[in-house]
Amino acid sequence: MEKFGEILKNTREAKNIDIETVEAETTIARQYIIALEAEDLAAFPGEPYLVGFLRNYANFLELDADRIVALYKAKKLQEMPTPEALLKKPKPRYLGPVIGIAVLFLLAGCFCVYWFIFRTSQPADNGRIVLSAHGPAQYTLSEEPLEKRLYEGDEITVPMGDGEAPVVITVASTLSLFALEAPAGTLFVDLGEEIELDIDGKSGTEIIVFVSDISRTDASLGAEVRMLLKNPDAVPAAVDESAIPTESAAAEDYLVILEDTRAYPFTVNFSYRAGCVFRYRTDNDEPIEDYYTSGDVLTAQAQNRMRIWVSNIGAVKLQVLADGRSHDLEIGRSGVVVAEDIRWIRDTDGMYKLVVAELD
């Protein structure tokens, strides 16, 4: 049987691509790239991460990602231990007719139970309610993460707390990008991406979504998704609009990340490709400084402003999450020390802009 690890390694070497380039282009940590090529499955924190990294790596090498994942699943199945029942000695021959009759009765009973469940739409495990044999499903988020393969039309009820009515979101697409239809609009999550989403269009984010498997050619295959409620205590308070400077008072040179008619809390994900000293400060909190290495991930939230200082900006990938969408930032070249402000400003027309500006 073909080995997916050998295919990845041979293809990379045939294209004269080193592991450092793969790490930089895919943001997959070096240790996981080596583990994929060596088929070291124990190196990953969980199967969703392994499958997500495997698809990203295969797509980067222009391989058939579905075939590579299928080879991984075949290897996993092949390495599973033989069921104990198959290792037992055969039963006496005279038991055959008795067992056959018992199996027939058991199958008939299972069919009756199966038919009854689908006809009466009784609740199933993990909050799922089966509407019909081929219809959409319904789920309710709770304190436990929802880990399911979701399909177009599936509905998820999200409790909002503080006496607010629950919000229902619907799976709008499972082709290439995972999309959710929510009161705030259509929200998108890419393969291998973990993102916080604002589903009601108000301040703050309510859920966290991670997509570990999705087809780029067949929407009927659905998407493997992990979804959970965000800790309410971690949601930043509403933005203090009185503290937002006007455009004229801001730095002369800045890059606009997004514009809107309102300002709202935002999140920044920092993915480290190499070692660097990193310091950040959100709003009026005390600054935090540490040394990060390749593969580390940091998530920070702010209401109005986030100030960052990096000893090597090329070692960090920045992704801003706001209003349910993600925005990648490129603010310097490798080896350069960078000090930046990510903050809201207001222009003369009353529009709010989330910008990044270099500090002196």
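**The largest pocket and its surroundings**

At least two lining residues of the largest pocket come from each of α2 (19-26), α4, β8, β9, β12 (266-272), β15 (297-302) and β17 (316-322). Helices here are DSSP runs of H or I with at least four residues, strands are runs of E with at least two, and both are numbered from the N terminus. The model is a predicted one, in which local features need pLDDT of at least 70 and side-chain atom pairs count only at pLDDT 80 or more, while totals for chains, interfaces and linings use all residues. Residues are numbered from 1 along each chain as its sequence is written, and side-chain values use heavy atoms, with hydrogens and water left out.

The volume of the largest pocket is about 1100 Å³. A pocket is an open set of points on a 1 Å grid over the protein atoms alone, where a 1.4 Å probe fits, with protein on both sides within 12 Å along at least five of seven lines; lining residues have an atom within 4 Å of a point. Grid points are joined across faces, edges and corners, and the volume is the space filled by probe spheres set on the points.

By class, the lining holds 14 nonpolar, nine polar and 11 charged residues; Ala, Val, Leu, Ile, Met, Phe, Trp, Tyr, Cys and Pro count as nonpolar, Asp, Glu, Lys and Arg as charged, and the others, Gly among them, as polar.

Let us turn to the sheet. Four strands, in the order β3-β10-β9-β8, form an open sheet with antiparallel pairing; two strands pair if DSSP finds at least two bridges between them. Strands β3 (146-150) and β8 (194-197) stand at the edges with a single partner strand each, so one side of each has no neighbour in the sheet. Between β8 and β9 (residues 207-214) there are four bridges, and L197 has I207 as its bridge partner in β9.
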